[in-house]
Amino acid sequence: MILSITGFMGCGKSSVGRKLSQLLCCPFMDLDAVIEERVGRTIPEIFANDGETAFRDIEKETLKDILASNAENPQSDRRQNPLILSLGGGTVMTPECAEMIHEKTMCIYLNASQETLVNHLESEASARPLLSGTNLRDRISELMILRSSTYEKTAHVIIDTDGKTIDCIAEAILSEL
Ligand code: S3P
């Protein structure tokens, strides 16, 4: 099975995903990293050269391919050999992606408050095209209004992460498996 991790930029999807893959001794994939490798450019470069719509198409096709290749793996097993897949913060906003994620993966939403997100993103906003060149706090608030219900609907499990360490969040996820 695939255990996917969703949530806003800066909520800790990749760190928690890596931790889970260590604890479960199973493979880990970061959707953004797979996209960058596939296209041969960074996410900011894709946004700058091709725009968000093109990025969302690449994101959808890459997700489809990952899900298809895992479905073909007969050894795929819910507990013994899951694939941990950390999604991009906006992946679920493409309806076709949200549907695939909900139907074909066990999806965990890492729910962080806007305060926590601001703290995590302050030093990293420039690596995120959707956050650059704007007031960080306002932008997070604006996007969270648009996204939070979709995160909640798409996920099977919601973990509140405020004040928790990566280890603690990973343990909370394990207890849901
Ligand atoms: C995005 C989140 C990013 C990346 C892209 C768009 C978003 O991933 O996919 O910049 O729309 O929230 P992270 O959530 O890993 O930063």
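How far does a polar side-chain atom of arginine 147 lie from an oxygen atom of the ligand?

Analyst: That distance is 2.7 Å, from a polar side-chain atom of arginine 147 to an oxygen atom of the ligand. Keep in mind that this is a predicted model, where local features need pLDDT of at least 70 and side-chain atom pairs count only at pLDDT 80 or more, while totals for chains, interfaces and linings use all residues. Residues are numbered from 1 along each chain as its sequence is written, and side-chain values use heavy atoms, with hydrogens and water left out.

A polar side-chain atom of lysine 13 sits 2.7 Å from a ligand oxygen, and a polar backbone atom of glycine 89 is 2.8 Å from an oxygen of the ligand. Taken alone, the ligand would expose 390 Å², and the protein buries 95% of that (Shrake-Rupley areas with a 1.4 Å probe; for residues, only the protein chains shown count as cover).

Now the wider surroundings. There are 14 residues around the ligand, and Lys13, Asp32, Arg56, Arg128 and Arg147 come nearest; to count as near, a residue needs a heavy atom within 4 Å of the molecule. By type, the shell splits into six nonpolar, three polar and five charged residues (Ala, Val, Leu, Ile, Met, Phe, Trp, Tyr, Cys and Pro are nonpolar, Asp, Glu, Lys and Arg charged, and the others, Gly among them, polar).

The ligand takes up the space of the largest pocket. α3 (43-50) and α4 (52-71) are the elements that give two or more residues to the shell around it. Helices here are DSSP runs of H or I with at least four residues, strands are runs of E with at least two, and both are numbered from the N terminus. As for the word pocket, picture a 1 Å grid over the protein atoms alone: a pocket is an open set of points with protein on both sides within 12 Å along at least five of seven lines, a cavity is a set where a 1.4 Å probe fits but cannot get out, and lining residues have an atom within 4 Å of a point. A molecule sits in one if more than half of its atoms lie within 2 Å of its grid points.

While we're at α4, have a look at two of its residues. Lysine 60 belongs to this helix and counts as buried, because its relative accessibility is 17% (buried is under 20%, exposed over 50%, partly exposed in between, with a 1.4 Å probe and protein chains only). The side chain of lysine 60 makes a 3.5 Å polar contact with the side chain of glutamate 96; such a contact is a pair of N or O atoms within 3.5 Å, where within protein one must be able to donate a hydrogen and the other to accept it, and residues adjacent in sequence count only if both atoms are side-chain atoms.

One last stop is histidine 120, in helix α6 (residues 114-121). Its side chain reaches the backbone oxygen of glycine 10 at 2.7 Å. Histidine 120 is partly exposed, at 37% relative accessible area. Between histidine 120 and glycine 12 there are 108 residues in sequence, yet their C-alpha atoms are 8.7 Å apart.
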